2 protein chains.
Amino acid sequence: MTIKHIASALGVSHSTVSRALNDHSHISADMKERVRRTAMELGYVAHAGARTLRQAHARLIGMLVPDVMNQLFAVMIKVLAARCARAGYQLVLCVTEDDPEAELRHVEALRESRATGLIVVPTPGVLSKTALLMAAMPVVQFSRSHPAIAAPSVAIDGARGIANAVRHLADLGHRRIAYVGLSTALSNGAARADGFTGALAQRGLKVEPALFHPGGGTIEYARSTTAALLRGARAPTAIVYGSADLTEGGLESLRREDVDVPGHVSIIGFGDPGWFKLMTPGLSTVGLSLSESAEAAISMLLRQIEARETGSPLEPQTSLELEPFLILRETTAPPRAGD
Amino acid sequence: MTIKHIASALGVSHSTVSRALNDHSHISADMKERVRRTAMELGYVAHAGARTLRQAHARLIGMLVPDVMNQLFAVMIKVLAARCARAGYQLVLCVTEDDPEAELRHVEALRESRATGLIVVPTPGVLSKTALLMAAMPVVQFSRSHPAIAAPSVAIDGARGIANAVRHLADLGHRRIAYVGLSTALSNGAARADGFTGALAQRGLKVEPALFHPGGGTIEYARSTTAALLRGARAPTAIVYGSADLTEGGLESLRREDVDVPGHVSIIGFGDPGWFKLMTPGLSTVGLSLSESAEAAISMLLRQIEARETGSPLEPQTSLELEPFLILRETTAPPRAGD
DNA sequence: ATGAAAGCGCTAACAT
DNA sequence: ATGTTAGCGCTTTCAT
């Protein structure tokens, strides 16, 4: 079933059918109607591949994330899916699991599909070939950014978020504050770790290596690190977590060891999935504007795409960092007496 | 940059280049190597659209879900993404938000893209045109199923899961057990509600309309229904929830009203996101084999695709229901004295 | 082992 | 307002 079949069924040329289907202005309303009806009756389904053969791009937008279960990325996907549907794009979802090779394969496939644009959470080790391929399309980096990728980014100002948390604890009287955070190999992990050490310095405290763990992103990492921290000789009186997953792991450990929070240790998490407030006691945390940042990234991408299409000059896009805000619930208190 | 450029750069015909790139057996290893190198150097990127013009399908698999934040669907997406990448397919993610019109538009787009197959969580009101379009491709239904869609399904045996929960509570001595569940307009909602009433009957209890609320799927619905239940004249001594989101809403309400669980009411949730065990007290719930069911659905789809490709007869695929299992933690106890 | 040629379904420039 | 024609980049016979 192609436009040619429709054309011969109607005794017109296939270009008339094409124009009618595309709502071209020089086609009579009557003709458009007849074409649409026959297309319907014949069960015609346009061939997207044939169309992209004649056009520059396919109506596809790619999204590369390390993980779909992460709330931040899940929100991004949700918002992007909505915006894509509205703008007539299909969403191709690629999960990298932070593997640069997988990332490359996905970007190659996206280029072969002639995807119109791309939102990417780059892996720590983006390959040069990947960056090269990305240079050929509108791209926005999300949550993390990589110097090899010449594309604007939208992220959370994690340094500010963590610094706020640390200052709050220091002002409460804590001197031995621990950090369990993302690896500094990640741009966002590095920023958050800097926020931690910076705020400590600001309050005249120095980072104790035994309490500083910017070493991983998994629940398991936070679980074991937290357990070790609690058992350590000079245990911290407060712990700050550097991601939502890490917070979950820490909470598991605290629960398992039946630690008194905030009596024994104060805790500040990162991110705010709905269940944080359901904890007993309610978890204090660094709140993030997830959908705002997702929207910002998508708008940025759409602006690039539009500029490319209209050939307009597009003012150089500047990267964006959204402000986190401290949500104080019940897991912070002055340090235990004697500490 | 097309195979023709590569061809003339090498002084060979473009069909040789095509064959070399596709690792055709009649091409010398040397030629393959030279072609690949020049393709590389010239920055050649194959054109997927042109390829699908000559082939039956594009290497795309579609996934239609109502919502990406739901843990069950998130796991499905994660597993599907991994399997697709492994099998050389791209994953097109479509979010329906349970809107049949949106669902139709997505399926149309998928057909136009010549997607190879589709995993779908059907909306309650699947349009006949949607079903018609789906009939033209390998499909498997996930989590829910709709009679208009002639495709096998993989789901959780929610009736069993809920029935187990209810029996456990009845055996503990509860007589006034409430249910807050998904709408019966959904196939899975209907099954779970049936599981509830069936188990009640089995234990010689009858359903009290005031305690039976299979009316919605949102957190907000569970929050308000739970609040009303607790305030009611003949309040329940136990509440069973019919989905993970509903459980979360119920928990919010219980927390807000500072209800003693399980002293005052026993609670059994549905699903088991990691944080359920972190609640105080630890939440008893109906556990599900999420990734097993996701894997089963994908394998089923891949088998259909393969059968279609080899033209083999494919034994009629039978739908699958996975067994849930009760996870008893600390939110169930015998009813309060005097009840 | 390689080349020549046809054609997949569509859009668009150029007629009329 | 509609028709004619020429490709878009690729795979795939059919030749050689």
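Visitor: What makes the pair formed by B:His26 and DNA strand C a polar contact?
Guide: In this predicted model, a backbone N or O atom of B:His26 sits 3.4 Å from a sugar or linking oxygen of DNA strand C. The cut-off for a pair of N or O atoms is within 3.5 Å, so the pair qualifies.

Visitor: Which other polar contacts does DNA strand C have with a phosphate oxygen?
Guide: Among them is A:Tyr44, with an N or O atom of its side chain 2.3 Å from a phosphate oxygen of DNA strand C.

Visitor: Which residues come nearest to DNA strand C?
Guide: There are 28 residues around DNA strand C, and A:Tyr44, A:Arg54, B:Thr16, B:Arg19 and B:Arg54 come nearest. Of the atoms of DNA strand C that come within 4 Å of the protein, sugar and phosphate account for 58%.

Visitor: Which helices supply the surface near DNA strand C?
Guide: Helix 1 (3–10), helix 2 and helix 4 of chain A, along with helix 2 and helix 4 of chain B, each give at least two residues to that surface. By class, the surface near DNA strand C divides into 9 nonpolar, 13 polar and 6 charged residues.

Visitor: And DNA strand D: which residues come nearest there?
Guide: A:Ser15, A:Thr16, A:Arg54, B:Tyr44 and B:Arg54 come nearest, out of 28 residues around DNA strand D. Sugar and phosphate make up 55% of the atoms of DNA strand D that come within 4 Å of the protein.

Visitor: Which helices supply the surface near DNA strand D?
Guide: Chain A brings helix 2 (14–21) and helix 4 (48–54), while chain B brings helix 1 (3–10), helix 2 (14–21) and helix 4 (48–54); each supplies at least two residues. The surface near DNA strand D has 9 nonpolar, 13 polar and 6 charged residues.

Visitor: How do you know that B:His14 makes a polar contact with a base oxygen of DNA strand D?
Guide: A polar side-chain atom of B:His14 lies 3.0 Å from that base oxygen. The limit is within 3.5 Å, so this pair passes. On phosphate oxygens of DNA strand D, the side chain of B:Ser18 places an N or O atom at 2.7 Å, and a backbone N or O atom of A:Ser28 lies at 3.3 Å.

Visitor: What is the strand order of the open sheet in chain B?
Guide: It runs 7-6-8-9-10-12, over 6 strands with mixed pairing. Strand 9 (residues 266–270) and strand 10 (residues 285–287) of chain B run parallel, joined by 2 bridges, and B:Gly269 stands opposite B:Thr285.

Visitor: What describes the packing of helix 8 and helix 9 of chain A?
Guide: Helix 8 (residues 158–171) and helix 9 (residues 187–202) of chain A have axes 7 Å apart, at an angle of about 35°. Their crossing is right-handed. The contact has 8 nonpolar, 3 polar and 2 charged residues.

Visitor: Last one: what makes the pair of B:Arg336 and B:His264 a polar contact?
Guide: A polar atom of the B:Arg336 side chain lies 2.3 Å from the backbone oxygen of B:His264. B:Arg336 is found in the segment after strand 12 of chain B, and its contacts include B:Arg176, B:Pro236 and B:Val265.

Technical notes
Residues numbered from 1 in each chain as written. Chains lettered and ligands numbered in written order. Predicted model: local features only at pLDDT ≥ 70, side-chain atom pairs only at ≥ 80, totals over all residues. Heavy atoms only, no water. Axes fitted to C-alpha atoms, helices over the stretch in contact; angles between N-to-C directions. Helix = DSSP H or I, 4+ residues; strand = E, 2+ residues; numbered from the N terminus. Left-handed = near helix turned anticlockwise from the far one by under 90°. Nonpolar A, V, L, I, M, F, W, Y, C, P; charged D, E, K, R; others polar. Near = heavy atom within 4 Å. Polar contact = N/O pair within 3.5 Å; in protein donor to acceptor, adjacent residues only side chain to side chain. Pairing = 2+ DSSP bridges. Contact = heavy atoms within 4.5 Å. Lists of a residue's contacts leave out its neighbours within four places in sequence.
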